[in-house]
Amino acid sequence: MTGFRDGPAIEARGLCKRYGGAVAVDGLSFTVRPGRVTGFVGPNGAGKSTTLRMLLGLDAPDSGTALIGGKPYTALDEPLATVGALLDSEALHPGRRARDHLLWLAHYSGFSTRRVDLVLDQVGLTPAARKRTGGFSLGMRQRLGIAAALLGDPPVLILDEPVNGLDPEGVQWIRRFLKSLAAEGRTVLISSHLMSELEDTADHLLVIGRGRLLADTDVADLLDEVSGERVALRTTRRADALMVLSGAGATVVMNGPDSLTVTGLPAQRVAELLGADSVPFSELTRHRATLEEAYMELTSETAEFTAREAS
Ligand SMILES: Nc1ncnc2c1ncn2[C@@H]1O[C@H](COP(=O)(O)OP(=O)(O)OP(=O)(O)O)[C@@H](O)[C@H]1O
């Protein structure tokens with residue numbers, strides 16, 4: 001496959017879109033960089049698909065701009081070879097065989113038909129290449145949609161809910177696959193309404209709610225922030241541990257006969273303090289937040305903020 005050094009960035013600048021009286025996208029600005037998988041996440045109706053459609057020139061923003069490598073999609077010299085897209089409502093002719101569907105697309109888009117067998121292989125659909133798509137599971141349809149997005153070997157991929165409908169093995173596959181595409185220097189933007197789907201897949205996250213950007217953050221930074229300095233500790237000398245650690249400024253909560261949760265001190269400092277006072281411990285682990293926990297925290301902050309705004 002072609003090696004890219006830094007595919008073009010995707011940029012939204014002050015994007016707004018209304019449908020009738022309803023605001024779907026409300027002043028979104030972000031940049032999606034090459035070389036990493038960026039997850040675009042938010043609950044149903046948050047405005048993800050509308051934003052992706054505007055990036056792909058399928059919907060016109062009321063205001064603001066959507067750019068790929070500095071140009072609107074419709075002004076790209078070779079849009080189909082620049083951006084590969086998978087949209088939620090991919091239309092498939094049920095009577096057409098998978099390979100014929102891709103051959104037709106390749107012909108229509110001006111791509112070499114040699115790419116067809118290559119992309120079928122990449123998405124693991126070679127054994128089903130001659131089967132009619134009418135009998136395909138949702139997961140197989142997703143794979144075919146991704147194969148179609150890859151036909152032009154594009155440096156930019158915009159995939160709406162690509163994990164949706166995949167079985168656990170399919171989820172593992174797509175994680176590895178998206179990471180490998182990003183590692184080649186491509187710009188990869190994927191949407192999901194489930195934060196858990198993006199765990200172990202996205203390197204960077206754009207979180208939206210009600211058409212607005214709630215967070216634009218590296219996954220690692222977000223998890224660090226939410227995990228805080230929370231340490232789980234197991235010791236048979238609970239009272240001594242409590243005295244030593246609270247004396248050093250930590251907040252200590254007793255959870256069971258020999259387990260404590262310590263906040264306010266890094267794990268290493270907890271170990272040092274216990275060691276200095278010869279308090280034995282059998283377990284000392286840093287609490288790691290999951291992306292789901294981080295998401296709940298983010299969205300609950302927004303809910304509080306909205307409530308404060310309203311009062
Ligand atoms: N063509 C349309 N006509 C009217 N309203 C629309 C249209 N497309 C989207 N909307 C509305 O805009 C809002 C944002 O929808 P959008 O599909 O972009 O959200 P989403 O985050 O992609 O949700 P989902 O995860 O359900 O796909 C919703 O309130 C939706 O009902």
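This is a predicted model: local features need pLDDT of at least 70, side-chain atom pairs count only at pLDDT 80 or more; totals for chains, interfaces and linings use all residues.
Reader: Which residues surround the ligand?

Author: Among them are Y19, N44, K48, S49, T50 and H193, where near means a C-beta atom, placed from the backbone, within 6 Å. Strand 2 (22–32) and helix 1 (48–55) each give two or more residues to that shell. Helices (H or I, at least four residues) and strands (E, at least two) are DSSP runs, numbered from the N terminus.

Reader: Which element gives the largest share?

Author: Helix 1, with 3 residues.

Reader: Now the sheet. What is the strand order?

Author: The order is 2-1-4, in an open sheet of 3 strands with antiparallel pairing. Strands pair if DSSP finds at least two bridges between them.

Reader: Why is one side of strand 2 and of strand 4 left without a neighbour?

Author: Because strand 2 and strand 4 stand at the edges, each with a single partner strand.

Reader: How many bridges join strand 1 and strand 2?

Author: There are 8; E11 stands opposite T31, and C16 opposite D26.

Reader: And strand 1 with strand 4, how many bridges?

Author: That pairing has 5 bridges, with A12 opposite A66.

Reader: What lies between strands 1 and 2?

Author: A hairpin turn of 2 residues, in which G20 has a positive phi of about 60°.

Conventions: Residues are numbered from 1 along each chain as its sequence is written.
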